[in-house]
Amino acid sequence: MTMREIREHLGHATPGVPDPTVQPTRYVVSCLPGDDTDRHLFSIQVEYRGRDRWAVVRHGQCLTADGFWDWEHVPSERTDEWLAAHRFDVDTALRLAREAAPLITVNGFTVSDALRMHAERNTR
C-alpha cells in the first residue's frame, strides 16, 4: 500500500484529489529588524515571476544586474531584452537584493539612520 493509499484509507486525503503543492513566491530583504515599524519602507522584495525567474522589486521598480532601478512595464510592454535585464535565478536575485538593501534611502534617511532611530526607540 502506498503512503497516499494509507492517507486516503485513514481519511486524511480525498481519493482523486491531488495533494497541494507549496512554492515560495516572495522573499523580503531588509537591514532593519523584523519588528521595526519602518521595515516595510526599507525593504526590497524578491518575487517569483514564473519559469524559474525572479524579480528584485521595490515600489514598482525592478533592479537590473548593474544596480539600476527601472519602472516595471506592464506585461505586454516587456521585451525580451527588458526581461533578460530584470529577471534572474533565485540565488542571483537574492544576492542583488542583499547588495541593494543597505543602500536604500527614504526621504533622506539612510538605513543607518533608520537603525539608529530603531535603537533609540528601544532604549526608552
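Leaving aside neighbours within four places in sequence, which residues is V46 in contact with? The points below lead up to the reply.

1. Basis of the note. The model is predicted: local features need pLDDT of at least 70, side-chain atom pairs count only at pLDDT 80 or more, and totals for chains, interfaces and linings use all residues. Residues are numbered from 1 along each chain as its sequence is written, and side-chain values use heavy atoms, with hydrogens and water left out.

2. Elements. The protein has 4 helices and 7 strands; these are DSSP runs, numbered from the N terminus, with helices being H or I of at least four residues and strands E of at least two. From the N terminus, their order is α-β-β-β-β-β-α-α-β-β-α.

3. The sheet. An open sheet is formed by 5 strands in the order β1-β2-β3-β4-β5, with antiparallel pairing (two strands pair if DSSP finds at least two bridges between them). Because β1 (26-30) and β5 (69-71) stand at the edges with a single partner strand each, one side of each has no neighbour in the sheet. From one strand to the next, the twist averages 35° (axes are lines fitted to C-alpha atoms, and angles run from 0 to 180 degrees between N-to-C directions).

4. Strand β2 (residues 43-48) and strand β3 (residues 54-58) run antiparallel and are joined by 4 bridges. Q45 has V57 in β3 as its bridge partner.

5. The nonpolar core. Such a core is a set of buried Ala, Val, Leu, Ile, Met, Phe, Trp, Tyr and Cys residues joined through side-chain atoms within 4.5 Å; buried means under 20% relative accessible area, with a 1.4 Å probe and protein chains only. The largest core has 19 residues, of which F42, I44, V46 and V56 touch the most other members. At least two residues of this core come from each of β2, β3, α3 (90-100) and α4 (111-122), and α3 gives the largest share, 5 residues.

6. The opening question. Apart from its neighbours within four places in sequence, V46 is in contact with T25, R26, Y27, V29, W54, A55, V56, A93, L94 and A97 (contact means heavy atoms within 4.5 Å).

7. Overall form. The protein has a radius of gyration of 20 Å, whereas a compact globule of 124 residues would have one near 14 Å (taken over C-alpha atoms; the globule rule is 2.2 Å times the number of residues to the power 0.38). Along the principal axes, the C-alpha atoms fill a box of roughly 60 × 50 × 20 Å. Of the 124 residues, 29% count as buried.

Notes. Buried means under 20% relative accessible area, exposed over 50%, partly exposed in between (1.4 Å probe, protein chains only).
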